[in-house]
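Please look over the structure first.

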Amino acid sequence: MNEIIKVDESLCIGCGNCIRTCPGGLITKGDQTPVPTEGSWDLCIDCGHCVAVCPTEALHQRTLGPEGCIPIDTHLIPTWEQARQFLISRRSVRVYVNKALEKERILQCLDAARFAPNGANRQIVRWVVISDPKQVRRIAEMSIDWMKSVRETNPALYKEAKLELFTSAWDSGQDQISRGAPCFIQAWAPKDERTAPQAATIALAYAQLAAHAMGLGSSWSGGINTAAQAYPPLKKLLGLPEGTVCYGTILLGNPAETFARIPARKDADVTWL
Ligand SMILES: Cc1cc2nc3c(=O)[nH]c(=O)nc-3n(C[C@H](O)[C@H](O)[C@H](O)COP(=O)(O)O)c2cc1C
């Protein structure tokens with residue numbers, strides 16, 4: 001195909017959905033069917049909205065046709081009450097069953113995260129998964145090594161970030177880094193990618209919500225994440241390529257704690273302009 005879209009004239013009903021939905025305004029009304037605008041080849045972000053919005057499967061985009069798009073089953077979309085309860089009942093889990101997690105379940109979380117919003121649909125987030133509980137523990141230990149090295153090299157940071165809490169807990173036999181989780185997931189992206197911090201963070205949030213939907217627990221781990229960015233031995237072990245940043249780390253596993261209530265949070269701080 002040498003155009004960004006191809007429309008089957010016999011199927012197109014002229015609804016104009018594809019024209020309205022295109023984020024770049026790259027589709028316009030043609031004689032018979034919608035047509036791409038001049039220069040659209042370079043500007044199209046391959047988001048697939050034009051294909052997904054077409055009610056008659058008339059439109060093929062250069063990378064995607066209707067057959068490549070999952071049909072939406074509206075019966076499976078939760079009601080507002082269900083969705084709200086689901087969202088507000090997710091908690092950061094800090095007590096885990098220390099039993100390896102099936103690869104399949106980890107992949108289910110990452111599969112859902114593929115559909116998270118991301119800058120210009122560039123889909124630049126890459127995942128690193130450590131799913132061997134012994135290795136998770138080893139990395140927690142290395143994160144502690146990093147914190148102890150900070151005590152020597154940057155005492156002000158050590159104090160300000162309250163790293164003493166983690167190191168002293170570790171020395172007294174408590175792992176407040178990986179908390180017994182059998183798995184963690186990191187979201188990596190190129191350093192020079194403008195939208196990477198947001199894309200990685202949102203993708204991790206999707207993965208956490210997917211985990212919650214599967215009855216799994218998760219929590220961000222600032223300790224592992226910072227060590228993965230700052231501590232050369234850990235960077236090396238994780239294989240973080242030059243020019244890549246680890247934007248977030250979440251622990252994942254079967255929760256060994258059950259919440260009976262939803263803790264109160266501040267009211268939304270809104271400025272209406
Ligand atoms: C960027 C970020 C870093 C976090 N780091 C840690 C961490 O290192 N250890 C931890 O136990 N929780 C960590 N959390 C989880 C927060 O403490 C938690 O989200 C917050 O207390 C609210 O609780 P909730 O997630 O159960 O609603 C982090 C959360 C975020 C967003």
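How many bridges join strand β6 to β7? Five bridges join β6 (residues 126-130) to β7, and the two strands run antiparallel. This is a predicted model: local features need pLDDT of at least 70, side-chain atom pairs count only at pLDDT 80 or more, and totals for chains, interfaces and linings use all residues. Residues are numbered from 1 along each chain as its sequence is written.

**Strands**
- Helices (H or I, at least four residues) and strands (E, at least two) are DSSP runs, numbered from the N terminus.
- Two strands pair if DSSP finds at least two bridges between them.
- I130 stands opposite F184 in β7.
- β7 also pairs with β9 (residues 244-255), antiparallel, over eight bridges.
- A187 has G248 in β9 as its bridge partner.
- Strand β7 (residues 183-190) is largely enclosed by the rest of the structure, because seven of its eight residues are buried (20 or more other C-beta atoms within 10 Å of their own, with C-beta atoms placed from the backbone).

**Ligand shell**
- R91, S92, R94, S219, W220, S221, G222 and G223 surround the ligand; a residue is near a molecule if its C-beta atom, placed from the backbone, lies within 6 Å of it.
- β8 (217-220) and α10 (222-230) each supply at least two residues of this shell.
- The shell has one nonpolar, five polar and two charged residues. Ala, Val, Leu, Ile, Met, Phe, Trp, Tyr, Cys and Pro count as nonpolar, Asp, Glu, Lys and Arg as charged, and the others, Gly among them, as polar.

**Domains**
- The chain is assigned domain 1 (5-68) and domain 2 (83-255), with bounds from an automatic or database domain assignment.
- The centres of domain 1 and domain 2, taken over C-alpha atoms, are 39 Å apart.

Methods
Buried ≥ 20, exposed ≤ 12 C-beta atoms within 10 Å, placed from the backbone.
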